[in-house]
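Here are my notes on the model, point by point. Please read them with the structure open.

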Amino acid sequence: MKVLQKKQNADFKILNLTDPQLVDPDWREDKAIRRELYDTVTYLVDKTSPDLITVSGDLSCAENYKSYENLADLLSGFCVPWSFVFGNHD
């Protein structure tokens, strides 16, 4: 279990991403979609320097397990704690 601690005299910043709804073919075949996701998330992480990244709802749809793995790999690369909540399509 990861313990998060707030820095004294500093805001605790959470970057929340929602509804990426990517399926495996998007990750494998559509390089423009993949690049847009990587670039957008990287920009947001760089811009906000979050203490925690959350992803709320509809990470993918219909049990696209490879998409969950790809999203986990992307988020883990930032060395920022992250967590997710499944949505109604997950």
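1. A definition first. Buried means under 20% relative accessible area, exposed means over 50%, and partly exposed lies in between. With that in mind, look at E1. Its covered face carries Leu-15 and Leu-17. Its uncovered face carries Ile-14, Asn-16 and Thr-18.

2. Confidence next. This is a predicted model. The chain averages a pLDDT of 83, and 83% of the residues score at least 70. Among the elements, strand E1 (residues 14-18) has the highest mean pLDDT, 93. Helix H1 (residues 24-29) has the lowest, 64. Please keep that value in view when reading H1.

3. The layout. The chain has 3 helices and 3 strands. Along the sequence they follow the pattern β-α-α-β-α-β. Of the contacts between residues at least 6 apart in sequence, 81% join residues at least 24 apart.

4. Surface and interior. The chain is 90 residues, and 31% of them are buried.

5. Strand pairing. In which sense do E1 and E2 pair? The pairing is parallel, over 5 bridges. Within it, Ile-14 stands opposite Leu-52 in E2. Ile-14 also belongs to the uncovered face of E1.

6. The core. The largest nonpolar core holds 15 residues. Leu-17, Val-41, Ile-53, Leu-75 and Phe-78 touch the most other members. Elements giving two or more residues are E1, H2, strand E2 (52-56) and helix H3 (65-76). Which element gives the most? H3 does, with 4 residues. Leu-17, one of the core residues named here, sits on the covered face of E1.

7. Phe-78. Leaving aside residues up to four places away in sequence, which residues does Phe-78 touch? The answer is Val-41, Thr-42, Val-45 and Ile-53. Val-41 and Ile-53 are also among the core residues that touch the most other members.

8. Asp-46. This residue lies in helix H2 (residues 31-48). Buried or exposed? Asp-46 counts as exposed because its relative accessibility is 58%, above the 50% cut-off. Its C-alpha atom is 9.3 Å from that of Phe-78.

9. Salt bridge one. The count comes to 2 salt bridges. One joins the side chains of Asp-51 and Lys-7, at 3.8 Å from N to O. This pair links distant parts of the chain, 44 residues apart. Asp-51 is in the loop between H2 and E2, and Lys-7 is in the segment before E1. Asp-51 is buried, since its relative accessible area is 18%, under the 20% cut-off. Lys-7 is exposed, at 56%.

10. Salt bridge two. The side chains of Arg-35 and Asp-39 meet at 3.0 Å, N to O. Both residues lie in helix H2. They are 4 residues apart, about one turn of the helix. Arg-35 has a relative accessible area of 48%, so it is partly exposed. Asp-39, at 40%, is partly exposed too.

Key. Residues numbered from 1 in each chain as written. Predicted model: local features only at pLDDT ≥ 70, side-chain atom pairs only at ≥ 80, totals over all residues. Heavy atoms only, no water. Buried < 20%, exposed > 50% of the residue type's maximum accessible area, 1.4 Å probe, protein only. Contact = heavy atoms within 4.5 Å. pLDDT = per-residue confidence, 0-100. Core = buried A, V, L, I, M, F, W, Y, C linked by side-chain atoms within 4.5 Å. Salt bridge = Lys/Arg side-chain N within 4 Å of Asp/Glu carboxyl O. Pairing = 2+ DSSP bridges.
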